[in-house]
Structure formats: C-alpha cells, structure tokens
Amino acid sequence: MKIAVVGTGYVGLVAGACFAESGNDVVCVDNNDAKIRMLQRGKIPIYEPGLEELVRRNRQEGRLTFSTALPRAVRESSIIFIAVGTPQDEDGSADLQHVLAVARDIAKAMNGYKVIVDKSTVPVGTSKKVQEVVRRETTHPFSVVSNPEFLKQGAAIEDFMKPDRVVIGAEDQRATDAMLELYAPFTRTGAPIMVMDCASAELTKYAANAMLATRISFMNEVANLCEAVGGDVDHVRRAIGSDTRIGNSFLFPGCGYGGSCFPKDVQAMIRFAADGGYQFRILQSVEEVNKAQKTRLFTKLKKQLGSLKGKTIAVWGLSFKPKTDDMREAPAVPLIKGLIAEGVSVSVYDPEAMKVARGIFGSKVAYADNSYAALTGVDALAIVTEWNEFREPDFARMKKVMRKPVIFDGRNIYKPETIRAQGFTYLSMGRP
C-alpha cells in the first residue's frame with residue numbers, strides 16, 4: 001500500500017518506519033525543512049531504541065522516504081495519517097490547530113478517494129471536525145478514521161510491530177477494510193483489531209493513559225501512607241499485585257509520572273469531560289497527587305539535610321523514564337529547579353538526556369561525563385530515573401568519591417538493608 005504520514009515526531013516517525021518495514025511504500029512529510037534534511041541524511045532527531053536502524057534499512061530498500069511536499073504525497077497515497085502535535089492549550093485542552101490545518105491541506109491536494117487517519121492523540125469529536133474541514137475543501141470522496149497509538153517510549157518499535165491491540169474508529173466499510181488490510185501483518189499472532197465508532201476510539205486512547213496514570217498516583221499515595229504509619233510499600237505492592245484482578249503493572253511508587261502523554265492526556269480528558277458537562281473527579285485528584293509527588297523528593301532532601309544552601313547534590317536520571325531522552329514534565333526538572341533556588345550546586349548525569357538538559361538548565365548545573373563523576377564531593381545523591389546502569393553500581397567507589405554517603409532513591413531501585421550495610425544513609429519512597 002502507498003501511505004503518507006504527516007508529521008515526523010515521535011509517533012509519525014515510528015509509524016512510518018514500521019509500516020515501511022511491513023512492505024508498504026511510505027513517505028513521511030513535515031514542513032520543517034531542517035528535520036527532513038536530517039532524516040534524508042539518515043539522522044534521527046529523537047532517541048528511541050531500534051528506530052535509527054529501522055529507518056536506515058527501509059530507506060536503503062526504497063520503501064521509506066522523507067519530503068516537505070505534502071500535495072504530492074497526498075496524491076500518490078491511498079491512506080494519509082495525521083501525526084502532528086496536539087499541544088496542551090492554556091486551559092488544559094488539546095490544541096487542534098495543527099491537526100485541522102493538515103486536514104485542510106490534505107483536502108486541497110486530493111485527487112480521488114482517500115482514507116484520512118487521525119493518529120495524533122485527539123479529544124472526542126475531532127474526527128467530525130476533520131470531516132467538516134475536508135468536506136469544505138474538496139468534492140472528492142473520503143473517509144476519516146481514528147487510529148490511536150499505544151506506544152511506550154523506549155519500547156515503541158516492539159509495541160508497534162507486536163501490538164496488544166489495534167483500535168480502529170471508522171464509520172464506513174471501505175475505510176474499515178483498508179485499515180484491516182494495513183494492520184493484518186502486525187496482528188498475525190492473534191492480537192485483536194477492535195473496530196468501533198470514531199468517538200469511542202478517540203476516547204479509548206485517553207482512557208488507557210488515564211487509567212495508567214491513576215494507578216501510578218494511587219500507588220504513590222499508598223507509599224506516602226506507608227511512610228506515615230510505618231508500612232513497607234514493597235510488601236503492599238507485591239501483595240495486591242498478586243491479585244489477578246489488579247496485576248503488577250504500574251504499581252511502582254516514585255517521583256510522579258511525566259512525559260509527553262500522561263500529564264497532557266489527563267488534563268485534556270478532564271477538560272473535554274467538563275466541556276461535555278461532566279466533572280471527572282478521580283482524574284482531578286490523580287493530577288493533584290502527581291503534582292505534589294514531584295516535590296516529595298525535594299522535601300525529603302530538605303528534611304534530612306536541613307539547610308541546603310551551599311551543599312552539593314548529584315542527580316542521577318533526567319529523562320522522565322529510561323530509554324528516552326524526553327524530559328517533558330520529567331520529575332527531575334522541578335527537583336533541580338528547587339535545589340538551584342535553595343543555593344545548591346547540582347551535578348547531573350543521564351545516559352541520553354544530557355543535551356536536552358543543557359537546553360533547560362544551561363550553565364546552572366554541572367554536567368558529568370558519567371555517573372561516578374557526578375558524585376565527586378557531593379553531600380547527597382538523588383536518583384530520579386531508574387536507568388539500568390544505576391541498578392548495580394560500585395558502591396565502594398561511590399562512597400569513596402562522595403563527601404557524605406547519603407542516597408535519596410526516588411525509584412526504590414535498591415534494597416535498603418543492602419545499602420545501609422555498606423555505610424550509606426538511605427532514604428526511599430514508602431519504605432522504612
């Protein structure tokens with residue numbers, strides 16, 4: 001099949017590369033000349049394991065191309081995916097201006113029947129808005145489909161190639177058949193393709209992310225309660241996770257969730273629920289809990305160390321999760337800003353996010369070449385992101401270079417008794 005993907009951000013680039021990998025001819029379109037030139041040279045603007053190799057292979061095979069020429073891409077394709085950003089507006093709602101602008105440009109370039117697919121995360125009712133925009137600009141027949149993505153950053157290729165499910169919102173059989181054919185290679189192992197109306201498909205994406213965010217905030221509340229009453233959240237987590245009705249996923253307490261999806265999608269769902277006359281009280285609490293959780297590690301530091309002015313603190317982990325360089329809404333950002341405001345000298349290290357961090361903090365922090373270099377002469381270490389390389393470090397080496405052997409573990413990656421036996425003062429989340 002001939003496919004166009006408009007938008008070469010995280011979703012668009014992954015989708016385009018994966019569709020090409022299954023044998024389709026794909027052109028990824030963007031109005032950013034510099035980004036397209038970078039992609040044409042084989043350079044990837046984001047960090048995602050396996051993506052660079054996938055793009056390189058399909059470019060070499062001629063199945064994947066990059067262009068700024070949207071009209072030509074539309075004319076030569078039967079299915080056009082809209083995968084542009086839906087940034088958060090001031091009131092928390094999703095800003096659809098880019099989606100609708102692309103829909104308008106697609107309509108003006110159409111030369112026959114096209115399937116126009118919303119791949120961007122969009123609120124309920126967007127498919128109707130896209131239909132209205134396209135209908136005003138063309139007399140050609142078309143279908144609008146909602147096809148939300150469910151990709152985890154750091155595992156996006158695996159998620160796309162072997163999905164848990166594929167959700168297709170379509171209002172006519174012609175579009176449904178085209179989408180079923182497109183996704184057939186990805187669901188040969190039995191993953192369901194769920195066909196539904198567009199509104200339900202649009203809501204499914206938000207509901208999935210909202211549920212995961214809710215589990216995180218709930219478990220953070222449980223961890224905070226454990227600290228208040230003397231419980232151990234690890235025991236609680238394992239016990240409730242063994243219940244088949246609950247399961248173990250997303251029950252790990254920490255510094256709060258971040259990234260480009262959960263914060264934005266929770267707020268957008270609260271907003272479009274309100275627009276529909278419904279107050280989504282659980283999600284309002286989820287958001288409040290997460291906002292407070294991002295300050296909890298800072299509070300622990302201040303309580304344990306007293307005055308922070310003049311102290312030096314290392315931060316391990318800057319991205320909002322491992323296997324990405326994405327620092328959007330990352331818990332490390334408010335922590336570091338809070339430390340700087342208290343007069344702390346901050347030394348940071350992250351395996352992938354150092355370049356992004358420089359764009360945020362500039363010269364306000366020291367950037368270490370490796371995890372041990374970040375510890376030289378520090379009064380404490382704060383662990384914010386659970387990268388694998390932090391899980392089994394040389395503790396003797398750490399203790400030797402630190403001024404004071406104090407660790408604040410925001411992700412509970414160590415066993416308290418093991419660390420304390422080596423002479424560290426160790427504080428974690430929801431554990432004695």
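The model is predicted, with local features requiring pLDDT of at least 70 and side-chain atom pairs counted only at pLDDT 80 or more, whereas totals for chains, interfaces and linings use all residues. Residues are numbered from 1 along each chain as its sequence is written, and side-chain values use heavy atoms, with hydrogens and water left out.

Lining residues have an atom within 4 Å of a point. Grid points are joined across faces, edges and corners, and a volume is the space filled by probe spheres set on the points.

One cavity of 30 Å³ or more was found. The largest cavity holds about 40 Å³ of space. Its lining includes Asp118, Ser146, Pro148, Glu202 and Tyr206. Helix H9 provides the largest share of this lining, four residues; helices (H or I, at least four residues) and strands (E, at least two) are DSSP runs numbered from the N terminus. The lining of the largest cavity comprises four nonpolar, three polar and three charged residues (Ala, Val, Leu, Ile, Met, Phe, Trp, Tyr, Cys and Pro count as nonpolar, Asp, Glu, Lys and Arg as charged, and the others, Gly among them, as polar).

The second largest pocket has a volume of about 300 Å³. Of its 15 lining residues, Glu227, Arg296, Lys300, Lys303 and Leu427 lie nearest the centre. Two or more lining residues come from each of helix H9 (198–229), helix H13 (296–305) and strand S14 (425–427), and H13 gives the most, with five. Four nonpolar, five polar and six charged residues make up the lining of this pocket.

Helix H9 also contains Asn220. Asn220 is buried, at a relative accessible area of 1% (buried means under 20%, exposed over 50%, partly exposed in between, with a 1.4 Å probe and protein chains only). Not counting residues up to four places away in sequence, Asn220 touches Pro253, Gly254, Gly256 and Gln293, where contact means heavy atoms within 4.5 Å.

Definitions and conventions: 1 Å grid on protein atoms, 1.4 Å probe; cavity = no way out; pocket = protein on both sides within 12 Å on 5 of 7 lines; lining within 4 Å.
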